[in-house]
Amino acid sequence: MANELGGINGNDIYGMAPAWLHTTNLRTNDAYHNPDSTGKCFIGFEGYSKPWTDTTGYLTYTYQTFGSMFYYFAVVQNYSIHDALNIASQYYIGWSFDSINNLLYQGYSNPYSGKLQIWGDPAITLP
Amino acid sequence: MRIKAKKSVPILVFCLMATLIITSNLSQADTATSKNNMLAFLRNVVNIDLSSYNVTLISAQEPYNVLNSANQEQIRYKLQNSNGTLDATCLFQNNALVWFMMSFTGGTPALIEQPSNDPLTNANAVLDNYMKYTGSKNIQSKKDLLNTVNSAKDTTISNGNLKLTISTGEFTSQFDWINTYNGATGPGFSFEFYKGILVSLDDHESTFTIGSASVKVDQINAINIAVDRLKNFTWSISSGPAKAENVTKFTLLTDNAAATLSMQVREDLTTLYPMWRVEIPVDQIYVGDKMWSGSPTSIAVGIWADTGVINYCQELSYGGSSQSIQTDTQSDNSAGWLYLALMAGAVVAATLIVVTSVVLKKRTK
């Protein structure tokens, strides 16, 4: 969960992003449009995560398909993280990733609120 | 007419070969049309000066893991010059554009005409050019609504069933038109500029037709139908390695029920009907005689608003917590419990990534 920017204190690391990437210096403010060129990108939910079994509202897709196909576009078709999020969103949510209609990016509520956070450098392409 | 068995085999083989050849030629023709359509779109709508780039076709393929892929084609081009690189992808359905996205690295892309500093002027130009590109008359109503706006500030305006929302950021400006049908949100049309360059355009609305816009079930009735259906609903849950067991009892928090109305596909993937989505939080979940203390749960029920028939019923388990982002990065002892919880979450996430990776590798073999 991306509720916690986290920290590093010697051998003690807390927070999801530092645990994975060993840094607390990722850009958190609109990094999707303004990547920080660190070469590191963290994606996680703030608040409550969207259930994978929930429907996206486009055709009959669920967020599980969005999540797994984001991985496919990043790894198999070699799109950048930014573009893989965007293309998966077009196919399975029916809007561009940063659209005002995309609940993952804009945030959701009722009954549980949350949003998908993109920190750091989504311009990177996975090796 | 009877055909003798010996003669029928060569005839069948001939028919099969002919079908394959015709299908193959049709597919190649469609690919060529889509490729030409994409280059025309880049030149005439995105305003890219193609003559200043080395244009490379990266891929032209039927989309993978998409429900209605038979008539679709995903085209990806890379455009390079000494100033930078453009990576553009389009999806075409029956040779008509469904969506476009583009990212660029290096300097500003080479354009035929320089964009205005005013996003409204740029938006009008995109609508004009897209109207010429598609020949679609549906664009005019969007242009008419746009022309009632005086400045490109964050705003939402409506005219009849059409709603326009303009949203701007430090680098971006988005223009988003949504159609509503008796209160049901339908597909729309939108595009986005990044630093004045058109980087995405969605035209999903042109791929759908309206089957019915009749709303005979109101919001209160929809919630009542959902509550009634859930009297006999159960699902299975498990904690850790334990075998999944059925839920025997739960409490619906109907005061917190949320209902939204939107247009959704029913018999086929291109025809839309109004549907209520009712989501009700659930409390006091029992498995046998034990109360379950897992993640927050709700149940979503889809109800066709024109008939009252239930489309789906799905329990939803939420992870995480209601905390907002904590910006304090100082370490302290109280963070120990949080560290343990986050590491547990990390293990789950890592497992999901590994599983997804294995599945994808198997599929791509």
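Two strands pair if DSSP finds at least two bridges between them, and the strands themselves (E, at least two residues), like helices (H or I, at least four residues), are DSSP runs numbered from the N terminus. The structure described here is a predicted model, in which local features need pLDDT of at least 70, side-chain atom pairs count only at pLDDT 80 or more, and totals for chains, interfaces and linings use all residues. Residues are numbered from 1 along each chain as its sequence is written, chains are lettered from A and ligands numbered from 1 in the order in which they are written, and side-chain values use heavy atoms, with hydrogens and water left out.

A contact means heavy atoms within 4.5 Å; among contacts in chain B between residues at least 6 apart in sequence, 50% join residues at least 24 apart. Chain B exposes about 19,700 Å², and 52% of this comes from carbon and sulfur atoms. Such accessible areas come from the Shrake-Rupley method with a 1.4 Å probe; for residues, only the protein chains shown count as cover.

Within chain B, strand β3 (residues 84-93) is mostly covered, with 9 of its 10 residues buried. Strand β2 (residues 72-81) of chain B pairs with β3(B) in the antiparallel sense over 10 bridges, and a hairpin with 2 residues links β2(B) to β3(B). Here B:Asn81 stands opposite B:Gly84 in β3(B). Strand β4 (residues 96-106) of chain B also runs antiparallel to β3(B), joined to it by 10 bridges. In this pairing, B:Gly84 faces B:Gly106 in β4(B). The hairpin of β3(B) and β4(B) has 2 residues between the strands, and B:Asn94 in this hairpin takes a positive phi near 50°.

Turning to chain A, helix α3 (residues 81-92) has 12 residues and reaches 16 Å from its first C-alpha to its last, close to the 16 Å expected at 1.5 Å a residue; this expected span is 1.5 Å times one less than the number of residues. In α3(A), 12 of the 12 residues are buried, including A:His82, A:Asp83 and A:Tyr92. Just after α3(A), A:Gly94 takes a positive phi of about 90°. Another helix, α2 (residues 63-75) of chain A, contains A:Val75. A:Val75 is partly exposed, with a relative accessible area of 43%.

Technical notes:
Buried means under 20% relative accessible area, exposed over 50%, partly exposed in between (1.4 Å probe, protein chains only).
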